[in-house]
Structures are given as C-alpha cells and as structure tokens.
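Reader: I am new to this structure. Please take one part and look at it closely, step by step.

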Amino acid sequence: REPLRMRARPDDPYGSSRAQLGEIGVIDAHDAGYAGARVLVMMLDTGFRKDHDAFAETDLLAERDFVFSDDETQNEPEDSPYQHWHGTATWSACGGRAPGTLTGPAYRSTFLLAKTEDVRSETPVEEDNYIAALEWGDSLGVMVTSASLIYLTFDGGGGWGYPDLDGDTVPLTRALDRAAQRGILCVNAMGNYGAGVGTLGVPADADSILACGAVDASNQIASFSSRGPTHDGRIKPEVVARGVDTFAADADGPDLYRYVSGTSLSTPLVGGACALVLEAHPEWSAEQARDVLMQTADRSSAPDNNYGHGRIDVWAAIESSPRVVPVPFDLLEPADEETLADHRPTFRWRASTDPGGGGIDYELWIDDQGDFSSPLVYPDLQDTLLAIPDPLAPQQKHYWRVIAEEPDGYRRLSRSDGSFTTPEGSDAQDPALGADRWILEARPNPWSAETLLRWFAPAAGMGQVVRLTLLDPAGRRLMRERLPVTHVGWNEFPLQSRSLGGTSLTSGVYIVLLEAPGTTVKMKVVLAR
C-alpha cells in the first residue's frame with residue numbers, strides 16, 4: 001500500500017493504532033498507568049529512522065550497528081535506501097508515540113537499538129550479529145528483546161532444514177535460550193512461510209522465548225503466518241497478535257505511516273506487552289511473565305500449532321495475580337532540565353497508590369551524579385510536595401527521583417528521573433551535597449555467612465541515628481535497622497541472608513542503603529549459594 005500522511009485525531013490519542021492495542025488489552029493497561037516505564041527493551045532489526053515523528057518522545061539509551069561496527073543505526077551512505085524501513089515499522093509498533101496518530105504499547109520504555117540485519121544480502125553473519133547484540137544488550141541490563149527476524153536459507157545455498165529446528169541445534173537458537181536463562185524475556189517472529197506444518201524459521205524454535213504468529217482484526221490466523229510444531233514436537237507459536245494491516249511508521253518520510261502485514265508486526269506488539277507486564281509486576285522473573293502471557297491468552301485451554309496459546313491479553317496477564325508494587329507516577333516540578341532561581345527548590349510529584357489499599361511513603365533523592373551513587377535523601381514523606389531546607393551547591397546540575405513505598409516494603413521509582421541546574425551564588429556555607437564522609441562496605445562480597453556490613457561514621461554523626469536497609473532486586477525491603485552512632489569511625493553489623501519473614505534468600509544482587517543525616521550511601525552485595 002501507499003504510505004499515508006496521517007492527520008492527527010485530537011479526540012483520540014491512539015489514532016489509527018487504537019484497534020491493534022485494544023485487541024490485546026493494552027489500552028486497559030495504559031488506563032491503569034502502565035506503559036513500560038523503567039523497562040529496558042532492545043529492538044533487533046535492519047536499522048531505524050530515529051528522526052521520524054513517531055519517536056519524538058521515545059527514550060533511547062544506546063544504539064549499535066553490528067553491520068558496519070559503529071554507533072549509528074539510521075541509514076548511512078553505504079546503506080541501501082530501504083535499510084532502515086523494516087526496523088522503523090517494528091520499533092514504532094512497539095514503542096512509538098505520535099499523539100493522535102500512533103501509540104505503541106511500551107511508549108514509556110527505554111530502548112536499545114541493534115542493527116543486525118543487512119538487507120543487501122542474506123548470510124550467516126547476520127545470525128552472529130544477532131548473538132552479538134544479545135551479549136551487548138545483556139551487558140546494559142536489557143529486560144525484553146523484540147526481533148522480527150527469521151533465518152532459513154542463505155545466498156549461495158545452505159541454511160537450516162526442518163530437522164535443525166529442535167531447539168538445540170542452531171547456535172542462534174541456543175543463544176536465545178541462554179539469554180532467557182540470564183533473565184531476558186526474548187520475543188521473536190515465527191516467519192511468513194505459510195500454513196504448512198513445521199514452516200517456522202530460526203530462532204522461533206527456541207524453547208524459552210515467545211514466538212509470535214499473526215492474526216487479523218477478527219482474530220483469524222493469517223494465511224502467511226508460519227506454523228509449528230518444532231521438529232521435536234513442541235507447539236509453536238507461543239502466542240499471536242495483530243499482524244494483518246498493523247499500523248506503523250513508514251521510514252520513507254518523517255511523518256509518513258502505513259498499514260503493514262507480517263509476523264514482523266505482531267512481534268513488537270507482543271514485545272511491548274511484555275514491558276507492560278514487567279512494569280506492573282517487577283517482582284516477576286522473565287520466565288514468570290512469559291508463562292502468564294501464555295496462560296491468559298484466549299486459546300490457552302487448547303493450544304495448537306496455528307495460534308499457539310492464542311491472542312494475548314495484557315490486562316488479563318497483569319490482573320492474573322495481585323499487584324504488590326505501588327503504581328507508576330510522574331515527577332512534576334522542577335521541570336526537566338530547568339534552570340532554577342532558588343537554591344532551596346520545591347519538589348512536586350504525582351501521587352502513587354498501593355494496589356493493596358495501604359498508605360504510601362515517599363523518599364526524595366537528589367544527587368549531583370546521574371547514577372545516584374551518594375544522594376541527599378529526604379525519607380518518610382507522606383506528602384507529594386517538599387520544599388527542601390538544605391541549600392544546594394550553586395551553578396551545578398543536579399538529578400532527582402522519588403521512590404514510593406507501600407506498607408509491605410515494595411518500592412516503585414518515579415517513571416523517570418529529573419534534572420535541574422541551580423543558579424549562580426548561594427547562601428550555603430557548606431552545600432548539602434558533597435559534604436558527607438560516610439562510608440559503607442561489605443566484607444566479604446560476594447556475601448557469605450561471615451559477611452559484615454562496615455560503615456564509617458564521621459565526627460558530625462556522633463549521637464545521630466542511621467538506618468541500614470536491604471532491598472531485593474525488585475526493590476522490596478527485606479531488612480531495616482535503626483542504629484545509634486555511639487562512636488566515630490568504623491562500625492560493624494552482621495548481614496543475615498534471610499528476609500523479614502525468616503525465609504532464606506535466593507542467589508542474586510541485592511542493594512544495601514546506609515541512610516545517615518543528610519546523605520544516603522548505596523552499594524550492591526552479591527549472594528551466591
């Protein structure tokens with residue numbers, strides 16, 4: 001079809017993408033506040049037109065071109081003019097946002113872009129590029145991958161036959177299973193090879209991923225959608241979503257859109273759905289989120305090799321288990337990148353709520369480093385507005401975030417961090433940031449039965465009370481101790497590998513916070529059993 005220059009619909013923020021999202025429960029999830037915030041998603045494809053209107057509001061963390069070994073995924077002179085067309089469409093379907101025209105399920109997610117496919121040829125090196133991208137994404141903490149890529153035959157002959165599609169033979173398939181073992185929720189297209197038995201392609205045969213088939217607006221399987229089973233008899237696909245006339249961005253122009261068909265377009269809808277589920281349930285593993293999406297799909301009671309478990313329902317997946325983490329919320333004031341007129345700014349944010357009906361406490365963190373390695377913390381706030389009493393250092397960029405905590409200790413970061421710059425001059429004789437000398441360490445680390453937390457108290461801390469907090473990877477509080485500072489220098493505290501309820505903790509990375517007057521010191525401890 002010809003590309004469309006769409007006129008935005010001011011009465012409908014979803015525009016022409018409303019139907020494809022409504023069919024899979026995304027709009028209900030958006031209405032409840034979930035749009036993928038703080039979930040890192042990696043798109044693997046041919047390239048991406050980043051200056052398209054659909055990405056004006058998109059949070060892009062990093063990009064990598066594995067074809068030409070650089071950091072530019074938009075078309076360059078050596079590329080085919082069509083190189084970034086396919087990736088632009090898939091990225092927009094997953095996380096684009098052009099109000100009144102198009103919205104992707106995960107429009108608030110943070111993205112990594114990996115250009116792994118060279119449209120000028122079809123060679124085994126593209127599978128190597130895919131594997132390299134998985135390793136790169138893993139190094140940056142990716143949580144979801146979406147790849148509308150399939151491999152069967154290569155230029156000049158050779159490729160993979162049906163006996164190879166057993167989940168254990170092809171290196172790329174094995175790499176996806178390893179990525180899943182490392183906690184990444186991997187989503188991949190089934191392929192467009194038609195209705196025959198066993199027409200799926202590599203790496204859709206991987207046993208730990210969501211392989212996606214395509215249905216139309218009436219939830220009928222597309223004639224082109226590849227079918228299972230795998231050679232070893234497993235049902236494929238896992239799930240389906242709209243892949244017939246899916247609305248997406250068109251890379252032929254910065255404001256063009258079109259309807260596109262293929263499992264390439266159902267896949268990013270499912271990938272975006274995964275981000276929403278993980279945002280709503282950060283306490284779930286990737287495997288749990290995958291299983292729930294399958295169990296709540298509309299054919300889960302009788303899966304087959306056409307539809308798999310059926311068309312997904314994001315909201316049903318989210319609501320299948322009680323939500324325990326506070327709902328997402330936004331920062332309001334100061335505006336991001338604002339230059340302030342006051343060294344004692346007022347901070348304001350939207351309220352969060354506890355899905356369980358309890359109250360919410362907030363912590364405001366301010367730091368002069370974006371990694372919040374040693375923030376100034378204002379804890380135990382019940383209001384959503386705070387005028388801080390401490391003057392901040394002059395003419396300096398600061399970063400801020402807010403954490404909501406419900407009564408059971410589950411914590412939610414604000415959807416994004418903010419930043420601001422203080423004005424020149426200051427009435428602060430000793431700026432609040434940078435004045436602390438508190439130190440926190442754990443010995444030994446990795447954590448063992450003999451591990452001690454050691455914290456150093458400066459002279460100014462004498463007679464004060466500090467708070468030691470242990471958080472699990474989902475941000476849930478496992479331990480909190482209030483300790484008086486009875487002497488200056490090093491203090492020790494035994495670190496128990498048990499939760500507040502007395503259960504033994506599993507292997508993983510945990511966070512320890514030392515909250516002292518005017519500062520919080522943060523460190524990671526690794527528990528290996």
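Author: Cys-212 is buried, with a relative accessible area of 0%. This is a predicted model. Is Cys-212 close enough to another cysteine for a bond, or too far? The closest cysteine sulfur belongs to Cys-274 and lies 7.6 Å away, so the two are too far apart for a bond. A disulfide needs sulfur atoms within 2.5 Å. The count of disulfides comes to zero. Cys-186 is in none either. Its nearest cysteine sulfur is again that of Cys-274, 9.7 Å away. Cys-186 counts as buried, at 1% relative accessibility.

Now the strands. The bridge partner of Cys-212 in S9 is Val-239. Strand S8 (residues 210–215) pairs with S9 in the parallel sense, over four bridges. Both belong to an open sheet of seven strands, ordered S2-S5-S1-S6-S7-S8-S9, with parallel pairing. Strand S2 (59–65) and strand S9 (239–242) are the edges, and each pairs on one side only. From one strand to the next, the twist averages 25°. Helix H3 (residues 85–95) packs on this sheet. It touches strand S1 (40–45) and strand S5 (110–115), and its direction makes about 155° with that of S1.

Next, the contacts. Beyond its neighbours within four places in sequence, Val-270 is in contact with Cys-212, Val-239, Val-187, Leu-210, Ala-241 and Ile-312. The largest nonpolar core has 50 residues, and Val-270, Leu-210 and Val-314 touch the most other members. Helix H6 (residues 263–280) gives the most to this core: nine residues.

Definitions and conventions: Residues numbered from 1 in each chain as written. Predicted model: local features only at pLDDT ≥ 70, side-chain atom pairs only at ≥ 80, totals over all residues. Heavy atoms only, no water. Core = buried A, V, L, I, M, F, W, Y, C linked by side-chain atoms within 4.5 Å. Buried < 20%, exposed > 50% of the residue type's maximum accessible area, 1.4 Å probe, protein only. Helix = DSSP H or I, 4+ residues; strand = E, 2+ residues; numbered from the N terminus. Contact = heavy atoms within 4.5 Å. Pairing = 2+ DSSP bridges. Axes fitted to C-alpha atoms, helices over the stretch in contact; angles between N-to-C directions.
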